[in-house]
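Thanks for making time. I will go through one model this morning, starting with a helix and moving on to cores, a cavity and a pocket.

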Amino acid sequence: TLRQLPVGSSGHDAIIKFAVLGLCYIVAFLTRLYSVIRFESVIHEFDPYFNYRTTKYLATEGFYNFLNWFDDESWYPLGRIIGGTIYPGLMVTAAMVYWVLNAINVTINIRNVCVFLAPWFASNTAIATYFFGKEVRDTQTGLIAAGFVAIVPGYISRSVAGSFDNEGVAIFALVLTFYLFVKSVNTGSLFWACLCAFAYFYMVSAWGGYVFIINLIPLYVIVMMLSGRYSHRLYVAYCTLYILGTLLSMQITFVGFQAVQSSEHMAAMGTFVFLQVYNVVNYVRSLISGEKFRAFFRAAVITTVSGLALVTIIMNITGYRTPW
């Protein structure tokens, strides 16, 4: 029993940890149900209703028809090609939950899945935030962070029941991506780096805010290098995320080649190139020394800067690089 466990024991700490996490999970869900309790289970606002309508089509017609669906009721009178103009992560997530529940004989309407999806993912975000805080510092930090994210008003406003919008699942994907990246940096594991890339892919599929990730992480890498805290673990984590994550993100029709063409992705590409040059210079430094290395370093810097400038000019002239 709890009374028999000495204070400070691992069993006592585990019980407290699971109790706090369970409370955060429940509170994160319940605090977002006010609209359902006060009124009823409905989809509200314009964008969430469009997302609900497309999810309903996906759940009944299948993924292939969904991607090729021309919706003549949207962007009237022009119509809209759904597969090439949306981030499908939200719809696919809701449809998969609907299919799984019905497969195990839990009868539920697709509308109710859409209504309660955001509160459920808010609870999952609290758990992901706990692991993120724990990886950054310790268990206490993770518990405090989970408690805050469960009740923070800014997040509640984007994940209430009935607000079936992209942020409902994207914030979870964002926190999960950051957690897995920190995990891969701390361990240097290719496995965690690949999981981070897949979490980034899910984020790309769900929300255009994925550009925050692909710009903040390169900024972090540059700061680590300039502050003298570079390591091969950082190299493995970032290069795996950039290469695999970029290839995966290009599979989203709405993103496509923008992942290597648009200006908002150039910082990530430049950081990747800079990492390769940095490692080559360090390797050459281990082979030669003195005046020869300084001459090589000057030549490498001039060549790299000139090459990047030339490539940028060519991309702008040919129109390969897009401003958005």
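Let me start with helix H3, residues 46-61: its 16 residues reach 23 Å from the first C-alpha to the last, close to the 22 Å expected at 1.5 Å a residue. The expected span of a helix is 1.5 Å times one less than its number of residues. Helices here are DSSP runs of H or I with at least four residues, strands are runs of E with at least two, and both are numbered from the N terminus.

Before going on, the ground rules. This is a predicted model, in which local features need pLDDT of at least 70 and side-chain atom pairs count only at pLDDT 80 or more, while totals for chains, interfaces and linings use all residues. Residues are numbered from 1 along each chain as its sequence is written, and side-chain values use heavy atoms, with hydrogens and water left out.

Back to H3. Its buried residues are Pro48, Phe50, Asn51, Tyr52, Thr54, Thr55, Leu58 and Ala59. Buried means under 20% relative accessible area, exposed means over 50%, and partly exposed is in between, using a 1.4 Å probe and protein chains only. The cover over these H3 residues includes helix H4 (63-67), strand S1 (70-71), strand S2 (80-81), helix H5 (89-103) and helix H6 (110-136). After H3 comes Gly62, with a positive phi near 100 degrees.

Now the cores. A nonpolar core is a set of buried Ala, Val, Leu, Ile, Met, Phe, Trp, Tyr and Cys residues joined through side-chain atoms within 4.5 Å. The largest one has 64 residues, and Phe164, Phe181, Tyr210, Ile217, Val221 and Tyr238 touch the most other members. H3, H5, H6, H9, H10, H11, H12 and H14 each supply at least two residues of this core, and H9 has the largest share, 11 residues. A second, separate core has five residues, among them Leu21, Tyr130, Leu143 and Ala146.

Which residues does Tyr238 touch, leaving out those up to four places away in sequence? They are Phe181, Ile217, Pro218, Val221, Ala268, Thr271, Phe272 and Leu275. Contact means heavy atoms within 4.5 Å.

Tyr238 is also among the buried residues of H12. The 18 residues of H12 should span 26 Å at 1.5 Å a residue, and the end C-alpha atoms are 25 Å apart, which agrees. The buried residues of H12 pack against helices H9 (167-187), H10 (190-206), H11 (210-226), H13 (258-261) and H14.

H12, residues 232-249, also gives three residues to the lining of the largest cavity, the largest share. On a 1 Å grid over the protein atoms alone, a cavity is a set of points where a 1.4 Å probe fits but cannot get out; a pocket is an open set with protein on both sides within 12 Å along at least five of seven lines; and lining residues have an atom within 4 Å of a point. That cavity has a volume of about 40 Å³, and its lining is Tyr200, Ile214, Tyr242, Thr246, Ser249, Ala259, His265 and Ala268. Volume here is the space filled by probe spheres set on the points, with grid points joined across faces, edges and corners.

Last, the largest pocket, with about 290 Å³ of space. Of its 13 lining residues, Phe274, Val277, Tyr278, Phe297 and Val301 lie nearest the centre. Helices H14 (266-287) and H15 (291-318) are the elements that give two or more residues to this lining, and H14 gives the most, seven.
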